[in-house]
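Thanks for coming. I will go through some backbone and side-chain details, and I will keep it short.

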Amino acid sequence: YHSLQAELLKRWSKGYSLQLAYTYSKSIDDSSTSSTPGAGVVQDPNDYRKGNRAMSDMDQRHILSVNGIWDVPFLRNRGALTSAFGGWQLNVMERITTGIPFNTVLGFDRALIGGGRVVGPQRPNLVGNPHLDPNRSHGELVAAYFDKAAFDLPPEGQFGSLGRNALIGPGFAKTDLGIIKRFSLGKERLGKIQFRAEIFNLFNNVNFANPVANRASPAFGKIQTAYDARIAQFGLKWEF
């Protein structure tokens with residue numbers, strides 16, 4: 001794992017704090033612990049390092065994270081008015097990342113290794129450019145995230161030429177917002193009531209998961225799942 005990490009930090013003062021962090025990295029391994037089809041299993045045990053050494057399942061080349069806290073100055077230090085209408089705090093967190101690799105597999109024993117061996121990680125031959133324009137419409141991305149014609153079956157009894165984790169999945173972008181307000185109950189011994197509203201994926205970005213990467217599946221190349229849409233939740237807490 002190699003990375004460049006940079007951070008800008010404005011510590012808490014004048015009613016707000018702000019942090020920006022960026023990581024540019026690359027993670028390489030022979031096997032990863034992941035739910036990716038065929039991950040963690042070697043295609044050819046006689047060619048372990050060359051055939052399996054590639055980007056890790058969790059590799060993300062770019063990660064940008066921004067978070068901040070702001071005490072809204074509206075009606076600050078106005079006594080009863082502040083208690084009733086002021087004293088709001090906003091918490092914001094933004095995360096933008098590139099996608100993670102996925103392993104394109106055949107889904108059957110083309111190499112004829114037999115003998116009860118696991119055949120999941122056998123890969124196809126790469127015969128063309130699998131990359132399609134990532135700026136297409138959502139409908140087009142879902143229907144074909146990559147060019148299926150770029151993959152072909154290897155000759156019987158042979159392993160495919162495609163490397164492990166050769167393609168990168170869709171990127172990810174999400175903004176979370178928290179709104180907090182504390183109400184005094186009049187006497188110190190009674191404490192305060194905290195109201196909290198939290199909105200996850202504020203702008204309702206569509207964040208697709210990796211496409212189906214098993215060539216034996218009728219859905220090969222299609223995206224069938226996505227991460228959560230906008231979620232809002234509200235809560236009250238008694239602080240005493």
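This is a predicted model: local features need pLDDT of at least 70, side-chain atom pairs count only at pLDDT 80 or more; totals for chains, interfaces and linings use all residues.

Leu112 sits in the loop between strand 7, residues 101-102, and strand 8, residues 125-126. Its phi is positive, near 60 degrees, and Leu112 is not a glycine. For context, most residues other than glycine have a negative phi. How accessible is Leu112? The relative accessible area of Leu112 is 57%, and because the cut-off for exposed is over 50%, Leu112 is classed as exposed.

Asn201 lies in the loop between strand 12, residues 192-200, and strand 13. Is Asn201 buried or exposed? Asn201 has a relative accessibility of 1%, and buried means under 20%, so Asn201 counts as buried.

Now the salt bridges. How many salt bridges does the count come to? The count comes to seven, and I will take some of them in turn.

One of them pairs Asp59 with Arg61, side chain to side chain, at 3.1 Å from N to O. Asp59 is buried, at 4% relative accessible area.

Next is Arg182 with Glu239, where the N to O distance is 3.1 Å. Where in the chain do these two partners lie? Arg182 belongs to strand 11, residues 172-184, and Glu239 belongs to strand 13, residues 231-239. The partners are 57 residues apart, and the pair links distant parts of the chain. As for accessibility, Arg182 is at 38% and counts as partly exposed. Glu239 is partly exposed too, with a relative accessible area of 25%.

Then there is Glu198 with Arg196, a salt bridge with an N to O distance of 3.4 Å. Arg196 is partly exposed, at 26% relative accessibility.

Last, a network. Which residues are joined by salt bridges that share partners? They are Asp29, Asp57 and Arg164, and these form one network.

Technical notes: Residues are numbered from 1 along each chain as its sequence is written. Side-chain values use heavy atoms; hydrogens and water are left out. A salt bridge is a side-chain nitrogen of Lys or Arg within 4 Å of a carboxyl oxygen of Asp or Glu. Buried means under 20% relative accessible area, exposed over 50%, partly exposed in between (1.4 Å probe, protein chains only). Helices (H or I, at least four residues) and strands (E, at least two) are DSSP runs, numbered from the N terminus.
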